[in-house]
Amino acid sequence: MLKVGLTGGIASGKSAVGEMFVALGAHLVQADRIAHSLMQPGEPVYNEVVRHFGRGVLNPDGSVNRTKLAEAAFGSAEGGDRVSRIEELNRIVHPQVLRSQEEWMRAISFQDPKGEAIVEAALILEAGAGKRFDRLIVVTCDPEHRVERFASRQKIDLDTARKEVTRRMAAQLPDEEKVKAADYVIDNCGTLEHTRGEVREIWEKLKAEATKS
């Protein structure tokens with residue numbers, strides 16, 4: 001089985017690319033969904049998040065309010081006095097997410113020994129997890145497209161989206177650094193059909209490698 005990491009900065013379009021690979025036959029898991037499940041009330045990660053960041057990041061029902069947690073972790077979007085605590089959050093969440101990813105890939109290797117298991121995660125390189133994969137795909141996009149996508153996804157205005165995207169990008173490696181570590185790069189600034197074409201080309205190469213493995 002071929003282990004593939006799929007990464008890229010905020011609002012680069014990783015999820016859309018991941019869905020395209022799934023449509024072609026890949027197995028895929030999203031680190032964001034793993035993290036979400038680990039932050040359910042009663043889970044060890046949930047308890048640690050509350051201990052470090054306080055009950056102010058919770059909804060009235062006790063569940064984690066991801067917007068409030070992002071504000072607490074990334075610091076002030078306005079560039080005020082609040083300091084980024086993203087590394088603190090990552091130290092709590094990343095080890096458990098990586099463990100869950102490994103368990104998922106082991107399960108897929110039994111289910112489909114000649115298949116392709118793709119882990120979609122924004123912080124593969126930042127977490128030092130690049131060597132866990134046989135191949136790494138990086139999705140890139142220019143800043144303005146990111147802002148527009150983020151604004152549409154969050155249903156916020158462009159100025160607010162631009163501040164938030166800038167704030168979050170500051171906690172991630174620049175695209176230039178990600179590209180240096182990549183086996184394949186997908187430019188996701190064009191049309192969906194153009195991106196699908198790039199995905200299909202890479203998919204054929206991944207299939208060939210998985211068959212040999």
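## A buried cysteine and its neighbour

In this predicted model, C141 is buried, with a relative accessible area of 7%, where buried means under 20% relative accessible area, exposed means over 50%, and partly exposed lies in between, for a 1.4 Å probe and protein chains only. The cysteine sulfur closest to that of C141 belongs to C189, at 3.3 Å, which is too far for a bond, since a disulfide is a pair of cysteine sulfur atoms within 2.5 Å. The structure accordingly holds zero disulfides.

Because the model is predicted, local features need pLDDT of at least 70 and side-chain atom pairs count only at pLDDT 80 or more, whereas totals for chains, interfaces and linings use all residues. Residues are numbered from 1 along each chain as its sequence is written, and side-chain values use heavy atoms, with hydrogens and water left out.

## The sheet

The protein chain has nine helices and five strands; these are DSSP runs numbered from the N terminus, with helices (H or I) of at least four residues and strands (E) of at least two. Five strands form an open sheet in the order β2-β3-β1-β4-β5, with parallel pairing, and two strands pair if DSSP finds at least two bridges between them. Strands β2 (27-30) and β5 (184-187) stand at the edges with a single partner strand each, so one side of each has no neighbour in the sheet. From one strand to the next, the twist averages 20°.

Strand β4 (residues 135-140) runs parallel to β5 and is joined to it by four bridges, and V138 stands opposite V185 in β5.

## Helices against the sheet

Helix α2 (residues 31-38) lies across β2 and β3 (116-120), and runs at about 50° to β2. Helix α5 (residues 86-111) also packs on the sheet, where it touches β1 (2-8), β2 and β3, and its direction makes about 160° with that of β3. For these angles, axes are lines fitted to C-alpha atoms, for helices over the stretch in contact, and the angles run from 0 to 180 degrees between N-to-C directions; contact means heavy atoms within 4.5 Å.

## The chain as a whole

Of the 213 residues of the protein chain, 46% count as buried. Among contacts with a separation of 6 or more, 71% are between residues 24 or more positions apart. The C-alpha atoms fill a box of roughly 50 × 40 × 30 Å, taken along the principal axes.
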